[in-house]
Amino acid sequence: MQEFEKTISFGGRDIHLRGGLLAPQAGGAVLVQSGETAVLVTATRSTGRQGIDFLPLLVDYEERLYAAGRIPGGFLRREGRPPERATLICRLIDRPMRPLFPQWLRDDIQIVATTLAMDEQVPPDVLAATGASIAVLLAKIPFYGPMAAVRVGLVGDDFIINPTYKEVETGDLDLIVAGSPDGVIMVEAGANQLPEADVIEAIDFGYEVVQDLIKAQLELIKELGIEIVTEQEPETDPTLATFIEEKTAAAIKDVLKQFSLTKPERDEKLDAIKAELATAVDALEDENSIKVAVAENGKALGNTYKSITKKLMRQQIVAEKVRVDGRQLDEVRPISCRVGLLPKRVHGTGLFQRGLTQVMSVATLGTPGDAQMMDDLHPDEEKRYLHHYNFPPYSVGETRPMRSPGRREIGHGALAERALVPVLPSKEDFPYVIRVVSEVLSSNGSTSMGSVCGSTLSLMDAGVPITKPVSGAAMGLIKEGDEVRILTDIQGIEDFLGDMDFKVAGTDTGITALQMDMKITGLPLSVIADAINQAKPARLHILEKMLATIDTPRAELSPYAPRLISFKIDPEMIGMVIGPGGKKIKAITEQTGAKVDINDDGTVTVSAIEGEKALQAKALIESIVFKPAAGDVFVGKVTRVIPIGAFIEFMPGQEGMVHISQLADYRVAKVEDEVNVGDEVIIKVREIDGRGRINLTRLNIHPDEAAAAREAAALR
């Protein structure tokens with residue numbers, strides 16, 4: 001391909017595109033650069049595989065730490081398993097791209113985005129997403145694009161396109177909008193309890209810029225003489241579909257109208273119809289074209305049956321506005337909530353059930369040392385709130401090997417995490433590291449929003465002083481021609497056979513998180529706005545049920561949760577607390593059983609299961625960093641005796657000298673006549689000389705001062 005360069009300017013930002021130079025054997029490659037962040041995105045297509053019945057699209061996002069001038073940690077000193085944020089960016093690219101490929105396509109397609117350089121101003125994720133569209137167009141892969149993505153921030157009252165990391169951190173909104181020529185195709189957002197109207201306005205603001213980026217891509221491929229490839233879907237014999245519909249349509253409609261059926265009962269009846277269909281096909285003559293078609297493609301029967309079931313379910317919702325479980329379009333399934341289900345050794349538990357979807361969330365409180373250290377390109381170095389999501393096979397009545405979390409589990413956990421971050425207490429008010437694990441015990445749609453609700457319950461049960469409770473609802477959509485039906489609280493079959501999965505989480509004040517995915521090529525903003533507004537009464541209804549179970553965070557933590565005490569010391573005194581080779585801090589830990597974490601800014605956090613031990617450790621640390629002043633009175637212990645005086649340790653690690661002339665109000669002939677090693681004495685700081693030496697005295701100490709010193713020593 002010929003080399004090209006193109007600059008796109010929008011919203012005060014520039015994106016520079018360069019192609020034809022790098023990765024010449026990839027199907028299509030483009031280097032996308034903004035500021036000092038540069039991402040190489042490639043798209044490659046290979047020959048299709050036999051026997052698959054899905055679009056084999058693989059999206060990878062690769063981070064190289066050299067991009068930020070860093071060398072990886074660990075023994076190997078090279079990048080290994082992708083960090084969690086890299087997995088989330090993979091999903092961010094995949095979700096808007098996947099619906100824009102022809103769903104009949106069976107060729108392997110791989111998109112690889114590699115961050116080659118990065119500053120702390122420009123996040124690479126939206127550059128990678130837009131670059132994926134350009135790479136696919138350059139590779140001449142069938143595509144209903146172009147697609148583009150932008151980030152929208154809100155700083156003060158102003159929306160900002162592609163804000164910097166700092167602007168995202170200080171603003172009230174972090175929203176990514178991806179769109180195609182047909183409309184918005186993906187939304188991902190975290191918000192600081194913003195009203196629905198503000199979020200809708202932000203999506204509109206972002207999509208205007210998306211349209212400009214789409215136009216720029218169209219101009220680019222025109223300049224390069226490339227046409228968007230739109231291959232025709234291979235023709236299929238309609239005989240099989242007609243035969244299956246005639247055999248099964250009436251029975252399927254009957255099952256879909258049995259509103260009292262549970263999901264397992266409905267699935268069992270639909271499977272029985274499919275089994276009867278297979279028997280009918282087997283009974284056909286061997287030369288029959290239908291039997292031949294099924295024999296040649298073992299998945300043809302099942303796929304066609306699924307398509308007919310999908311069509312009939314959608315027709316029922318569009319024409320009759322009734323769902324398969326008998327609910328109205330805006331109706332939420334029955335809800336139940338419980339807290340404190342597990343013993344108090346578990347710090348907090350929330351069990352949330354909506355219909356057949358059941359999620360148990362468990363909260364654990366940890367010390368600052370439990371924070372997750374981040375070894376990726378993002379400026380944040382640690383996380384103090386962790387949300388993990390598990391989806392075992394038994395939750396859907398299946399069996400499969402249990403493996404490490406996949407992209408879906410990581411994505412759902414991140415969404416629930418994002419929904420709750422805006423209501424968490426500050427580190428200063430609540431220095432705990434918090435981990436919530438959501439165990440999906442039963443799934444029939446919207447487990448991620450069930451995780452949000454269950455996690456809110458568990459945090460309140462654990463005594464975490466969240467500012468407001470958060471609830472969430474998943475919205476769906478059926479679009480047939482110009483007819484659109486928005487569904488509240490979608491269940492599994494509606495998600496599986498529908499056109500949209502739109503998750504909305506928030507408080508009674510506003511939205512904290514959004515995630516919208518499409519199976520069609522885009523929606524107008526008006527439909528998205530309707531879905532957001534329809535989600536609000538559902539969220540508030542769910543929240544009401546949650547608050548009926550627990551309306552405020554518990555006043556007391558679990559007796560097994562660590563007790564934390566956080567305080568500040570002079571950063572210059574950190575070395576004194578740690579001691580040579582960590583000797584002093586190890587001694588404090590051994591003596592008290594408490595755990596001590598010290599930050600570079602002088603913040604000390606002491607943790608122990610028993611509060612008294614934490615207080616004891618705090619007192620020891622404070623005594624080490626204590627700076628005495630002239631006139632302070634202490635109870636001390638004689639540590640050494642020399643001819644001219646005695647050394648007194650008045651605080652752990654701190655001592656001064658009483659000159660022989662200051663031992664008594666009369667002439668002392670020999671120090672040992674007044675004090676000996678191990679004696680406990682009351683002393684006063686007489687002066688601190690220019691070299692920092694502390695000179696003590698036993699003279700002129702008032703009885704009240706002595707009594708106060710003894711009380712203070714008893715507390716230590």
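## A hairpin and its covered strand

Strands S20 and S21 form a hairpin, with 4 residues between the two strands. In this predicted model, S20 covers residues 500-506 and S21 covers residues 511-518, and the two run antiparallel, joined by 7 bridges. Within this pairing, lysine 503 has glutamine 515 in S21 as its bridge partner. S20 also pairs with strand S18 (residues 471-480), again in the antiparallel sense and over 7 bridges, and here glycine 476 has aspartate 501 in S20 as its bridge partner.

How many of the 7 residues of S20 are buried? The strand is mostly covered, with 7 of its 7 residues counted as buried. In a regular strand the side chains alternate between the two faces of the sheet. In S20, Met500, Phe502, Val504 and Gly506 point one way, while Asp501, Lys503 and Ala505 point the other way, and all are buried.

Elsewhere in the chain, 3 strands form an open sheet in the order S22-S24-S23, with antiparallel pairing. Strand S22 (563-568) and strand S23 (595-598) stand at the edges, and because each has a single partner strand, one side of each is left without a neighbour in the sheet. From one strand to the next, the twist averages 15°. Strands of a sheet pair through backbone hydrogen bonds, either parallel or antiparallel.

The pairing of S22 with strand S24 (residues 603-608) is antiparallel and extends over 6 bridges, and lysine 568 stands opposite threonine 603 in S24. Helix H15, which comprises residues 611-625, lies across S22, S23 and S24 and runs at about 20° to S22.

Valine 527 has its place in helix H12 (residues 525-549). Its relative accessibility is 12%, and it counts as buried because this value falls under the 20% cut-off. Leaving aside neighbours within four places in sequence, valine 527 is in contact with Leu477, Val484 and Ile486. The C-alpha atoms of valine 527 and lysine 269 are separated by 34 Å, the two residues being 258 residues apart along the chain.

Threonine 304 lies in helix H8, which spans residues 300-320. Is threonine 304 buried or exposed? With a relative accessible area of 16%, threonine 304 is buried, and when residues up to four places away in sequence are not counted, threonine 304 touches Leu240, Ala241 and Ile244.

## Backbone geometry in the loops

Most residues other than glycine have a negative phi, and most peptide bonds are trans. The peptide bond from glycine 145 to proline 146 is cis, with omega near 5°, and proline 146 is found in the loop between helix H2 (125-138) and strand S7 (148-155).

Alanine 23, in the loop between strand S2 (13-19) and strand S3 (28-34), has a phi near 50°, a positive value in a residue other than glycine. Alanine 23 counts as partly exposed, at 29% relative accessibility. Lysine 321, found in the loop between H8 and strand S11 (335-339), likewise has a positive phi, of about 55°, although it is not a glycine. With a relative accessible area of 42%, lysine 321 is partly exposed.

## The protein as a whole

The protein contains 16 helices and 29 strands, and its C-alpha atoms fill a box of roughly 125 × 65 × 50 Å, taken along the principal axes. Of its 716 residues, 52% count as buried. Among contacts between residues at least 6 apart in sequence, 70% join residues at least 24 apart.

The accessible surface of the protein comes to about 33100 Å², and carbon and sulfur atoms account for 50% of that surface.

Methods: Residues are numbered from 1 along each chain as its sequence is written. This is a predicted model: local features need pLDDT of at least 70, side-chain atom pairs count only at pLDDT 80 or more; totals for chains, interfaces and linings use all residues. Side-chain values use heavy atoms; hydrogens and water are left out. Buried means under 20% relative accessible area, exposed over 50%, partly exposed in between (1.4 Å probe, protein chains only). Contact means heavy atoms within 4.5 Å. Accessible areas come from the Shrake-Rupley method with a 1.4 Å probe; for residues, only the protein chains shown count as cover. Two strands pair if DSSP finds at least two bridges between them. Axes are lines fitted to C-alpha atoms, for helices over the stretch in contact, and angles run from 0 to 180 degrees between N-to-C directions.
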